[in-house]
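Try each task on the structure before turning to the solution.

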Amino acid sequence: MTVPARIALANLPTPLTFAPRLSEELGTTIWLKRDDLTGIGLGGNKARAVEFHMGACHEAGADVFVTGGGPRSNWVLTAASAAAARGLDCELVLFGDRPPAGTSGVDLLDRLGNLRIHFTGSPVRASVDPLLDRVKARLVDEGRRPYVVGRGGAGPVGALGYVAAVDEIDDQARRAGIRFDAVWLAAGSCGTMAGLVAGYRRQSGGPLVVGTAVHRPIEECRRRIEGISEEALDLLEVTRRYPVRWQVTDQLDPDPSEVDAAARLMARTEGVFLDPEYGSCALADLIRRAGEGRGPVLFLVTGGTLNLFCGSSAA
Ligand SMILES: Cc1ncc(COP(=O)(O)O)c(C=O)c1O
């Protein structure tokens, strides 16, 4: 496979901003990378992955974009919005049954008009995978050319978005005269973190990358990050790979009051809203460990606007 061209769909570069009042509260210098402002499909981290997936989809000559996740999934909304913006048909597999109006992203998906949604009828996230295979087989039988991406869009192609983001961050940090000691983010399917790790493996002396695991056990996250980051570097044919310091911390069973306090602190000090499932958990984790003497820290604001209005439990 060759490196797909990136199709510009997101508003990049996103701002890199100092968070003075949050820094003062935490006693650690914090900067924010505002990837909640990427634009397409309510914004968020997945917009960077989708640019490369759309490139690969185009290069494969595909005529329908197929993916899946949960009815509140940031990835699904971003991917389907990008497909609409490209004039591409889209088929989505969502776990569960069609949710009541106003409780998920399905109302927004319905507006896109370019897609068919299939519900698995099971609340299990993994129920998406076999139905994705069946949708793909049906499309092929119909003479269509589907481009299929698994749940979360995580994989070497999607990770290229955050490999490129490392260059963007470096450039902005250099101009701001700042050198980050750590980059902190929420890790779900781990594609975002894998991209950052791969990006920093191309250079020596990068920051510590810390992922707060919100869905998957730490060991599974580690395996995914290692695997996806190496595959992304293989894809890019990077031969010189430097060691990177990275770690995954556990926030699988967070204290809801700590998570809520973190979200309120970010809102009160910086006027930035963190979603309850990812960003707030990652910040709660950072706050708990802020005394460990790191700084300056770059906190990646990954978006999740849909979850601000529909509650948690995306996919
Ligand atoms: C808002 C938000 N932040 C962070 C993440 C985690 O990203 P990843 O799945 O690449 O680990 C997700 C994943 O869906 C997300 O929706």
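**Exercise 1.** Describe how domain 1 and domain 2 are placed relative to one another.

*Solution.* Begin with the C-alpha centres of domain 1 and domain 2, which lie 25 Å apart. The contact (heavy atoms within 4.5 Å) takes 23 residues from domain 1 and 23 residues from domain 2. Next come the bounds, which an automatic or database domain assignment supplies: domain 1 covers 16–44 + 156–310, and domain 2 covers 46–153. This is a predicted model, in which local features need pLDDT of at least 70 and side-chain atom pairs count only at pLDDT 80 or more, while totals for chains, interfaces and linings use all residues. Residues are numbered from 1 along each chain as its sequence is written, and side-chain values use heavy atoms, with hydrogens and water left out.

**Exercise 2.** How much area is buried between domain 1 and domain 2, and which three residues of domain 1 supply 30% of its part?

*Solution.* Buried area is the accessible area (1.4 Å probe) that two parts lose on being put together, summed over both. Here the figure is about 1,700 Å², with 60% coming from carbon and sulfur atoms. On the side of domain 1, Ile 40, Leu 306 and Cys 310 supply 30% of the area buried against domain 2, more than any other three residues.

**Exercise 3.** Work out which residues surround the ligand and which side chains have polar atoms facing its oxygen atoms.

*Solution.* First, 14 residues surround the ligand (a heavy atom within 4 Å), and the closest are Gly 188, Ser 189, Cys 190, Thr 192 and Thr 302. Second, polar contacts (N or O pairs within 3.5 Å) to a ligand oxygen atom come from the side chains of Ser 189 at 2.6 Å, Thr 192 at 2.7 Å and Asn 45 at 3.1 Å. Third, the ligand taken alone exposes 380 Å², of which the protein buries 98%, as computed by the Shrake-Rupley method with a 1.4 Å probe.

Terms used: Polar contact = N/O pair within 3.5 Å; in protein donor to acceptor, adjacent residues only side chain to side chain.
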